Amino acid sequence: MNQRTSSDPLAALGRAAAGLKLENLPREAVQRAKQRVLDTVGCLVAGYDAGIANEIRAFVAAQGGSAEATLLPGGQKTTASLAVLAHATYIHGLELSDAAPRGTVHPGNEIVPTALALAEKRKVGGAAIIPAVVAGYEVEIRFGRAVFPSAFYRGWWTPGIFGGIGSAVTAGHVLGLDAKGLDNTIGIVLNLLPSAAARANEEGESIKWLIGGQSCAAGVLAAEMAARGVKGQREVVKGWLSVIADEVHEERLTEGIADGGFDQWELLSGILTKHYATVGPLTASLDATFDLIAQNNISADDIAEIHVDAMRRTAIFNTVHPENEIAARASLPYCLAVAVCKKDPSSLLGPAFRKEFLQDKAIRAAAEKVRITENEEYERKYPAHSLARVTITLRNGKSFSQEDDRSARGRYLTPTDEDIEHKFTLIAKPVLGATKTDKVIALVRKLETLPDIGELIQALKP
C-alpha cells in the first residue's frame with residue numbers, strides 16, 4: 001500500500017471546490033456540465049416507473065415535511081432531502097446514467113438530483129448549479145481514483161460508496177459553504193459511508209436502486225450538518241481509504257490542483273455517456289456484436305458460439321440466466337443474447353429487462369452459446385481503452401470477428417450536444433411528451449442564463 005500522506009487533502013479539495021464560479025470555468029467544462037444535467041434528468045424521468053420507484057414515492061409521501069422541492073416528474077412537493085433520495089433511487093438501478101471509468105463511479109446519479117433539489121429550495125438558477133455540479137464531479141472522481149481499481153475488485157459497490165461524496169460537495173456548494181465548510185462536509189460524509197456492500201448487481205435484486213438514493217441523501221445530510229457546525233473526520237487515508245482498499249493512491253486526491261484551484265479537470269477526462277441500460281463494461285462487446293450481426297446478416301439460429309475475449313471487469317459479469325432485471329443488466333451472456341435475437345439496440349434501453357424477455361426461450365438458448373475469456377492485456381489498458389473482441393461462429397463453420405474499443409467511439413466519452421439530446425429524447429419523450437421534451441432540451445442549452453431553476457422543474461412535469 002502507498003503510505004505517503006498529503007499535507008491536508010480535505011483542505012485542498014475544499015478550497016478548490018469552493019473557488020469554482022461560473023465565470024472562471026473553462027467553456028468546455030460548462031458545456032460538459034450541461035450535458036451531464038440533461039443526460040441525468042433523462043434517466044430520472046425514465047426511471048419514474050422502474051424498479052422500486054413506487055415504493056420510494058410512497059415512503060416520501062408518508063414523511064410529510066416542508067414543501068422545498070418537487071418530486072419529479074409527478075409534481076408532488078417534499079423536502080429537498082427526500083426529493084434527492086427518491087430521484088437518485090429512480091436513476092441508480094436503471095444503469096443508464098453516466099460513469100467515470102477512471103474512478104469506477106456514477107457521478108451524475110447523485111450530483112444532478114442534489115443540484116436541482118437544493119437550487120429549487122434556495123431559488124437559485126443555472127449560475128449556481130453549473131459550478132456546483134462541476135465541483136461534485138471533480139471531488140467524487142478523485143476519491144474514486146485514489147482506490148482504483150482495488151476497491152472495486154475487493155468487492156465494494158463503488159458508486160454507492162463515492163456517490164455520497166459528490167452529492168455532499170454539490171449540496172455544500174449550492175448552500176454557499178466556504179472552503180472550510182466544504183472541507184468539513186467531505187469529512188462528515190466519509191463518516192456516513194461506505195454504505196454499499198458487494199454483489200449489488202447479482203444478489204441484491206431491488207435493493208440496488210436504493211443504494212443510489214441512500215448515498216445521495218447522505219451527501220445532502222452531510223452538507224446540511226456542516227452548515228450547522230457539525231464536525232467530521234480529518235484522516236482520509238489511514239482512517240477511511242485504507243479501510244476499503246488494499247491499494248491506495250492518495251496523491252490522486254489532489255492531482256490537478258494548484259494555487260488553490262483545479263488546473264486539471266476530471267469532467268473533461270472521460271465521462272462515459274451510456275447508451276445501453278447495462279453495466280458499463282459490457283458496452284464494447286455489445287457494439288461489436290451489433291456490428292457483426294448487421295454487417296453479416298446473422299440470425300440467432302445460425303450461431304454455434306459467441307466468444308467474448310474481454311477485460312476482467314467485463315468477464316466477471318458472466319451470469320448466463322439472470323433471475324431478475326438487476327442481474328440481467330449485469331449479465332453479458334443475457335445482453336448478447338438479446339442483441340442477436342432482437343437485433344435492436346434500443347431494446348437494451350429498457351424493454352429487454354422485462355419479465356417476458358427474461359423468460360424468452362430463444363434468448364435463454366442464445367445466452368448458453370456465449371463463452372467468455374479474460375484478456376490480461378485488455379485489462380492493463382483500462383481505463384484509457386475499454387476493449388473486447390467478439391467472435392461469432394456459425395453452425396456452417398464460418399466465423400466473424402471484431403475488436404471494439406468503447407473509448408474510440410465518440411458518443412461515449414466525447415459526445416456532442418446532439419448525441420446527448422438524441423438519447424434524452426429517446427428515454428424522456430415517452431413520459432414527458434414531445435413538447436415538454438423539446439422544452440427541457442432548450443432550457444438546458446441556456447442553463448447558465450436561467451435566473452431560477454423553477455422553469456426547468458416545471459418543464460420536467462408531463
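These legends describe close-up views of a predicted model.

**View 1. A sheet of four strands.**
The strands of this open sheet follow the order E6-E5-E7-E8, and their pairing is mixed. Strand E6 (370-374) and strand E8 stand at the edges; each has a single partner strand, so one side of each is left without a neighbour in the sheet. On average, neighbouring strands of the sheet are turned by 15° against each other, direction ignored.

**View 2. Strand E5 and its two partners.**
Strand E5 is mostly covered, with 6 of its 8 residues buried. E5 pairs with E7 in the antiparallel sense, over 7 bridges. Within this pairing, Glu-305 stands opposite Thr-393 in E7. E5 is also joined to E6, by 5 bridges, and these two strands run parallel. Here Asp-309 has Thr-373 in E6 as its bridge partner.

Strand E7 (residues 387-394) and strand E8 (residues 399-405) run antiparallel and are joined by 7 bridges. Two facing pairs can be picked out: Arg-389 has Glu-403 in E8 as its bridge partner, and Ala-388 stands opposite Asp-404 in E8. The two strands form a hairpin with 4 residues between them. Gly-397, in the turn, has a positive phi of about 95°.

**View 3. Thr-283 in helix H12.**
Thr-283 is found in helix H12, which covers residues 283-295. Is this residue, Thr-283, buried or exposed? Thr-283 has a relative accessible area of 6%. The cut-off for a buried residue is under 20%, so Thr-283 counts as buried. Its side chain reaches the backbone oxygen of Gly-280 at 2.9 Å. Leaving aside neighbours within four places in sequence, Thr-283 is in contact with Tyr-276, Arg-406 and Tyr-412.

**View 4. A salt bridge between Arg-409 and Asp-287.**
Arg-409 forms a salt bridge with Asp-287, and the closest N and O atoms are 3.7 Å apart. The pair links distant parts of the chain, 122 residues apart: Arg-409 is in the loop between E8 and helix H19 (410-413), while Asp-287 is in helix H12. Arg-409 counts as partly exposed, at 27% relative accessibility. Asp-287, at 3% relative accessibility, counts as buried. Salt bridges that share partners join Asp-287, Asp-291, Asp-404, Arg-409 and Arg-411 into one network.

**View 5. Glu-224 and its salt bridges.**
The count of salt bridges in the model comes to 28. In one of them, the side chain of Glu-224 meets that of Lys-121, at 3.0 Å from N to O. This pair also links distant parts of the chain: Glu-224 lies in helix H10 (residues 207-227) and Lys-121 in helix H5 (residues 107-122), 103 residues apart. The side chain of Glu-224 also meets that of Arg-228 in a salt bridge, at 2.7 Å from N to O. How exposed are the residues taking part? Glu-224 counts as buried, at 11% relative accessibility. Lys-121 is partly exposed, with a relative accessible area of 28%. Arg-228 is exposed, with a relative accessible area of 58%.

**View 6. The nonpolar cores.**
In soluble globular proteins, nonpolar side chains tend to be buried together. In this model, the largest nonpolar core has 154 residues. Phe-143 and Trp-240 are the residues with the most contacts inside this core. The largest share of the core, 11 residues, comes from helix H6 (residues 126-146). Not counting residues up to four places away in sequence, Phe-143 touches a set of residues including Leu-10, Leu-13, Phe-162, Ile-165, Trp-240 and Leu-253. A second, separate core has 5 residues, among them Phe-148, Met-311, Tyr-382 and Leu-387.

Notes: Residues numbered from 1 in each chain as written. Predicted model: local features only at pLDDT ≥ 70, side-chain atom pairs only at ≥ 80, totals over all residues. Heavy atoms only, no water. Buried < 20%, exposed > 50% of the residue type's maximum accessible area, 1.4 Å probe, protein only. Polar contact = N/O pair within 3.5 Å; in protein donor to acceptor, adjacent residues only side chain to side chain. Contact = heavy atoms within 4.5 Å. Core = buried A, V, L, I, M, F, W, Y, C linked by side-chain atoms within 4.5 Å. Pairing = 2+ DSSP bridges. Axes fitted to C-alpha atoms, helices over the stretch in contact; angles between N-to-C directions. Salt bridge = Lys/Arg side-chain N within 4 Å of Asp/Glu carboxyl O.
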